[in-house]
Amino acid sequence: MIRAVNLTDANAHALMADPRQMVMSAPEIASPTEWENLVIDRASDEVRVGTWKCEPYTDEIVDYEYDEFMYMISGTVELIYSDGTSDSFGPGQAFLLPKGFTGTWKQPETVVKFMAMIR
């Protein structure tokens, strides 16, 4: 029988995954610990859905590979665009980071989110 996957407690669900060091855009940037617990992870890496938790970090993103829908459970993220403007997202907010995005991801605190990524 196929059953639904309960994602109600995103923090607990994310922590069910093994922690790993995040790969950063440059070797001099400190790698935070992240937990990614996928409930859908297609073999082709075209679709990924699950929960994600990560310690604070800031990194540059160049030509992001996915359209990624995110629903913030806790923590805040600031996206800084190449023209210097920015958007911030926090608990209870949802946003789409579109494929091809280039800019800065600034995460001053630990974040927990639901996410769906499509390549």
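Here are legends for a few views of this predicted model.

View 1. The protein has one helix and ten strands (DSSP runs, H or I of at least four residues for helices and E of at least two for strands, numbered from the N terminus).

**View 2. The largest nonpolar core.** This core has 20 residues, and Trp52, Tyr57, Tyr64, Leu79, Phe95, Leu97 and Trp105 have the most contacts inside it. Such a core is a set of buried Ala, Val, Leu, Ile, Met, Phe, Trp, Tyr and Cys residues joined through side-chain atoms within 4.5 Å; buried means under 20% relative accessible area with a 1.4 Å probe, protein chains only. Strands giving two or more residues include S3 (47-54) and S8 (94-97), while S10 gives the largest share, three residues.

**View 3. Around Phe95.** Leaving out residues up to four places away in sequence, Phe95 touches Glu68, Phe69, Met70, Met72, Leu79, Phe89 and Trp105 (a contact is heavy atoms within 4.5 Å).

**Notes on the views.** Residues are numbered from 1 along each chain as its sequence is written, and side-chain values use heavy atoms, without hydrogens and water. In this predicted model, local features need pLDDT of at least 70 and side-chain atom pairs count only at pLDDT 80 or more, while totals for chains, interfaces and linings use all residues.

Technical notes: Buried means under 20% relative accessible area, exposed over 50%, partly exposed in between (1.4 Å probe, protein chains only).
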